[in-house]
Amino acid sequence: MLEITDISGATVAALSGACAGDDLERALACDVRLAADSASFSGESLSDGAAIRLARLLGEARAKDIVLTGRRFEAREALRLGVVTRVVEAARLADEARATVALIASRPPLAVRAVKEAVERSRDLTPGEALALEHERFRRLLDTADHREAVDAFFAKRRPAFEGR
């Protein structure tokens, strides 16, 4: 089973049970992928860019192994390979996913989107270009209402209320 939550432009997937085909394809497109320790995965029936996503996440050789063989693997191996970002006890999966969503939602939405874009674009850039992109995005954020709110909240010793402006 796959559950996806989209907050501030970032996506969190919670995976339990068997994850293959369309479910695995959608999960691979998410930014954070949590799996129950009982989850299993398969490279069977992947299409719609899943092989490309796997190659970017795992490297070409591992992606080919999974896609060409359609082999099944468990949550711990999925974590080791980089298919998922975290493995938790099945009974705690929903709570952990909600906590992760809440944590991302508490962050400034403009910063979340800027970081996500910088990370995604960095794979096609040289280290210098990636650093320049990150600095440019950071400088843009300094002129936002959310940045002013963060500074005000810090000095007032209160939680910031970000509005995405």
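Which residue in β6 does F41 stand opposite? The residue opposite F41 is F73. This is a predicted model, in which local features need pLDDT of at least 70 and side-chain atom pairs count only at pLDDT 80 or more, while totals for chains, interfaces and linings use all residues. Residues are numbered from 1 along each chain as its sequence is written, and side-chain values use heavy atoms, with hydrogens and water left out. Helices (H or I, at least four residues) and strands (E, at least two) are DSSP runs, numbered from the N terminus.

**Sheet**

- An open sheet of three strands has the order β3-β5-β6, with mixed pairing; two strands pair if DSSP finds at least two bridges between them.
- Its edge strands, each pairing on one side only, are β3 (18–19) and β6 (72–74).
- Strand β5 (residues 40–42) pairs with β6 in the antiparallel sense over three bridges.

**Nonpolar cores**

- A nonpolar core is a set of buried Ala, Val, Leu, Ile, Met, Phe, Trp, Tyr and Cys residues joined through side-chain atoms within 4.5 Å; buried means under 20% relative accessible area, exposed over 50%, and partly exposed in between (1.4 Å probe, protein chains only).
- The largest nonpolar core has 23 residues, and those with the most contacts inside it are L15, L24, F41, L54, F73, V83 and V84.
- At least two residues of this core come from each of β2 (10–15), α1 (21–28), α2 (50–58), α3 (60–69) and α4 (75–81).
- A second, separate core has 13 residues, including A36, V88, L93 and I104.
- Beyond its neighbours within four places in sequence, F73 is in contact (heavy atoms within 4.5 Å) with S40, F41, S42, I66, A78, L81 and V83.

- A63 lies in helix α3 and counts as buried because its relative accessibility is 4%.
- Not counting residues up to four places away in sequence, A63 touches A51, L54 and A55.
- A51, in helix α2, is partly exposed with a relative accessible area of 38%; with residues up to four places away again set aside, A51 touches A63 and V67.

**Helix α5**

- Helix α5 (residues 93–105) has 13 residues, which at 1.5 Å a residue should span 18 Å, and its end C-alpha atoms are 18 Å apart, in agreement; the expected span is 1.5 Å times one less than the number of residues.
- The buried residues in α5 are L93, E96, A97, T100, V101 and I104.
- Seen down the axis of α5, these buried residues fall within an arc of 135°, so they line one face of the helix; the arc is that of the directions from the helix axis to the C-beta atoms.

**Salt bridges and a buried glutamate**

- The structure holds 16 salt bridges, each a side-chain nitrogen of Lys or Arg within 4 Å of a carboxyl oxygen of Asp or Glu.
- In helix α1, R26 and D23 lie three residues apart, about one turn of the helix, and their side chains meet in a salt bridge (2.9 Å, N to O).
- D65 and R71 also form a salt bridge (2.9 Å, N to O); D65 is partly exposed at 33%, as is R71 at 24%.
- R140 forms a salt bridge with E136, their closest N and O atoms being 2.7 Å apart.
- E117, R121, E136, R137 and R140 are linked in a network of salt bridges.
- E149, found in helix α8 (residues 145–156), counts as buried at 16% relative accessibility.
- Leaving aside neighbours within four places in sequence, E149 is in contact with R158, R159, P160 and A161.
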